[in-house]
Amino acid sequence: MRAALTWRDQAEHCIYDLAFKPDGTQLIIAAGNRLLVYDTSDGTLIQPLKGHKDTVYCVAYAKDGKRFASGSADKSVIIWTSKLEGILKYTHNDSIQCVSYNPLTHQLASCSSSDFGLWSPEQKSVSKHKASSKITCCSWTNDGQYLALGMFNGIVSIRNKNGEEKVKIERTGGVSSPIWSICWNPSRDERNDTLAVADWGQKLSFYQLSGKQIGKDRMLNFDPCCVSYFTKGEYILLGGSDKQVSLFTKDGVRLGTIGEQSSWVWTCKAKPDSNYVVIGCQDGTISFYQLIFSTVHGLYKDRYAYRDSMTDVIVQHLITEQKVRIKGRELVKKIAIYKNRLAIQMPEKILIYELYSDDSSDMYYRVKEKIVKKFECNLLVVCSDHIILCQEKRLQCLSFSGVKEREWLMESLIRYIKVIGGPPGREGLLVGLKNGQILKIFVDNVFAIVLLKQSTAVRCLDMSASRNKLAVVDENDTCLVYDIHTKELLFQEPNANSVAWNTQCEDMLCFSGGGYLNIKASNFPVHQQKLQGFVVGYNGSKIFCLHVFSMSAVEVPQSAPMYQYLERKMFKEAYQIACLGVTDADWKELAMEALEGLEFETAKKERKKHGENVNELFLADVYAYQGKFHEAAKLYKKSGHENLALDMYSDLRMFDYAKDFLRSGDPKDTKMLIKKQADWAKNINEPKAAVEMYLSAGEHMKAIEISGDHGWVDTLIEVARKLDKAEREPLLKCAFYFKKLDNPGYAAETYMKVGDLKALVHLYVETLRWEEAFALSEKHPEFKDDVYVPYAQWLAENDRFEEAQKAFHKAGRQSEAVRVLEQLTHNAVVESRFNDAAYYYWMLSMQCLDIAQENEQQKTEMLQKFHHFQHLAEVYHVYHYIQRYTEEPFSFHLPETLFNISRFLLHSLTKETPLGISKVNTLFALAKQSKALGAYKLARHAYDKLQGLQIPARFQKSIELGSLTIRSKPFHDSEELVPLCYRCSTNNPLLNNLGNVCINCRQPFVFSASSYEVLHLVEFYLEDGITDEEAVALIDLEAPRLNKRENKWQEMMSDSILLIKNCLQSLS
């Protein structure tokens, strides 16, 4: 572990406390009477915050990142938002010593010298509680249920959310060991809550929530001022009077130093979910460090040992995936593993472990030797009886008792060292230097052997299984392979960061780099596949890969290199590769290639490997390749492989021989032979013979397919009539081909035989035989949709839309029926057939009324649509006359009728104008008729309105002339034209903004359907409690006759009552 300084800043005052925003983007620092807000990425000061009048001692951020709090010697606590705005302030009786937010409820605990307070946003006031001593520090548990308070008198008080004391921890030392910092472990993986306590008795202690101490006190030899955990609780930061921050494990084992400072460290925290640490000092220095945890590990063949949690070692068996943990109480600095030996270097000693047994799968280690001595080394290697220490240019060989036996001094820095095996006590080491020199050293020999020297520095090394070849990765990421004896460079490959030889095959190696795994066999081209990480080992078909901190075994099929050897006819080498791991198909290919290449020994090995009767079966194959087919067949039969004899005869198209071979055999085999003969007949383009053979073999489907593809209807009819009705699949296939070959009668006969009525219906529909389809749907109503819907679609496609609409309606497809009508309506409007559009809208409204009666759920929606479509029907019906008037030279309507129609239409268009209706035409007709009938004011208004619209060229002159001439007319309307409301007797204006209703009583006008004059009708509603029958009876009552003068009035009144009575009866 090492600490790299990322940035540093200097404040004017002592840094007493600091807090990170939970997302890690901002850092809040308490310096003097201000808060300093920094950007953590580069140390930029974002903003200083002023609000306190005295020194700020503490600061804390809420877990949700929405607000933070600060406490000061001015006895106040200020709540700030994440936007750096102060929103609340409250006070205590003494200076504030510490603040802490509950991680779940965001309740704020603020502690002063004499009391502590609990506040949350929903509270109106702060609930305060007295303390028996000065509170110096506080911390909430993970679940937010308990608050721990550290006291100046050495006591820890654990309180619940209401401030009630639940546990009191009285510690040895008492007042002489004031507690200065406490912190709960934030890890959620721990079984129990753990409280770390640092006091000025120079001790670090751990306690459970119950108050029970965990382990013993850890002596520090300095006064601690701050203690804090990493986000996941794996490490502890501790700083104080020793002017540095130390990293400890969660159990209190010291791991190292993070940044030595020039004054006391008052606060230190880890950035959330990262390896960054910030330190605040007495002299105002703010330092931001990145902790770099290097991978400490060792590998030998299929055993991989690595450091975990800085103090433990895990040994992993890469093949079986077994793991064993060796627990330690000290920092693990180096690890080395070799065969049954494991060496672990700690700060003050080296432990040598051995396996309990010689079993290759044994994973239990025990301590063999302990060298209690401090060693400084860059690399550590362990052998059977020695350990090797690498110190830059120097190699030292020590016995397990710690005695130095020999030493080697190199010309340059040692970059790589590896044990390559050998007898116990005489192992060989492979050493690579920075100057490009590669040496072999034996632990019992003082002289180093130079294998070769290259011009570039060595990064990685490995030697082949037979010790004849050497692979080197240099600093230029090039993989170079040398012949050790001749020193010749055999080949080189770019983009390599690590290399490993296959321990079971001399000529195979792999190297990684650039996100790819490269496998090279002999001098063949490289085979590539994607892989993340570094290759560290290659054993058979398994490649061991290290990615970040995890080691994994990747299974790589050896097919590609095997085929590379086969292409060169190198059968023995291909066999060696296949033994490492290929598929069954690859094995078979190897055997066939070896036979063709007359490499019988290899082919024989392949057969033997698959457990076959080698002699007879192999000899049968040889006879077959020599053309002695009958002898081969006898041997196949003798060895119990009759199927191979049949395959041979079938492949050779010697079907007669095959039949003789099967004369007394299984009928299934005979059937299979006929089928193969039929396949052959089909392939040589003799379909008639193939069909006959397929039928005799019972392969009806293939016979039907061939007959259908060649259009042989007679054969299909014969097959279909012979087949049993239970054989659905071939019968349906026959029907399919009948349809395809345009023989619907035979198809119908086949469907009837199968009993597939649905397919029969579809056949009638597809062939447009509607009468048969209707007859079938009458007998079987469940097929109604399958008939009427396609029928309606067919009608629509043939422009018989109204019939299509009725067909949809009959099929119960109301939505499709409505959609057809809507399309008809739209087309009528686009084509300016407005009378048709009115009729279609009326039909639409009736459809909606039918749906409303049938479907209670859609009733409200359909009634709304009914009224809407009725309105549109009326509008288009009226506009039809306007359009004819403006487009045609002669009009069939009186001026008064056109005048009424124009007014009615304008009043109906108060909200929106439907598609196709022209306001210009309507206003133009109204203007002309108004002028002709003496409604000059209305005519002038219509002409003015026309000026604001886009006028067609054919109307331009007429409208301009009308606009001028109307100015010469009086500015009023003829009183004869003014409509009267027959309910309230109010004269209504000719142009009414409310539409076709009275401006006074809002009574809708009832118009004549021909002249569009207002009729003498008044709609009224019965009062609650009066039935229709009672209303008719009341109307039938005669009015009392007072005198003769009133007789005339009485007769008129009777006529009106009779009219109302008739209306009521029609409504009922």
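Biologist: What is the crossing angle of helix 24 (residues 936-947) and helix 25 (residues 953-965)?

Modeller: In this predicted model, their axes come within 10 Å and cross at roughly 135°. Axes are lines fitted to C-alpha atoms, for helices over the stretch in contact, and angles run from 0 to 180 degrees between N-to-C directions.

Biologist: Why is helix 24 called oblique to helix 25?

Modeller: Angles under 35 degrees count as roughly parallel, over 145 as roughly antiparallel, 65 to 115 as roughly perpendicular and the rest as oblique. The crossing is at roughly 135°, and therefore helix 24 is oblique to helix 25.

Biologist: Which residues make the contact?

Modeller: Tyr-943, Leu-946 and Gln-947 of helix 24 meet Ile-959, Gly-962 and Ser-963 of helix 25, where contact means heavy atoms within 4.5 Å.

Biologist: Why is Asn-502 called buried?

Modeller: Buried means under 20% relative accessible area, exposed over 50%, partly exposed in between (1.4 Å probe, protein chains only). Asn-502 has a relative accessible area of 0%, and is therefore buried. Among the residues that Asn-502 touches are Ala-465, Tyr-538 and Leu-580.

Biologist: What makes strand 30 (residues 303-308) and strand 31 (residues 312-317) a pair?

Modeller: Two strands pair if DSSP finds at least two bridges between them. Six bridges join strand 30 to strand 31, and these strands run antiparallel.

Biologist: How are the residues and values treated?

Modeller: Residues are numbered from 1 along each chain as its sequence is written, and side-chain values use heavy atoms, leaving out hydrogens and water. Local features need pLDDT of at least 70, side-chain atom pairs count only at pLDDT 80 or more, and totals for chains, interfaces and linings use all residues.

How values were computed
Helices (H or I, at least four residues) and strands (E, at least two) are DSSP runs, numbered from the N terminus. Lists of a residue's contacts leave out its neighbours within four places in sequence.
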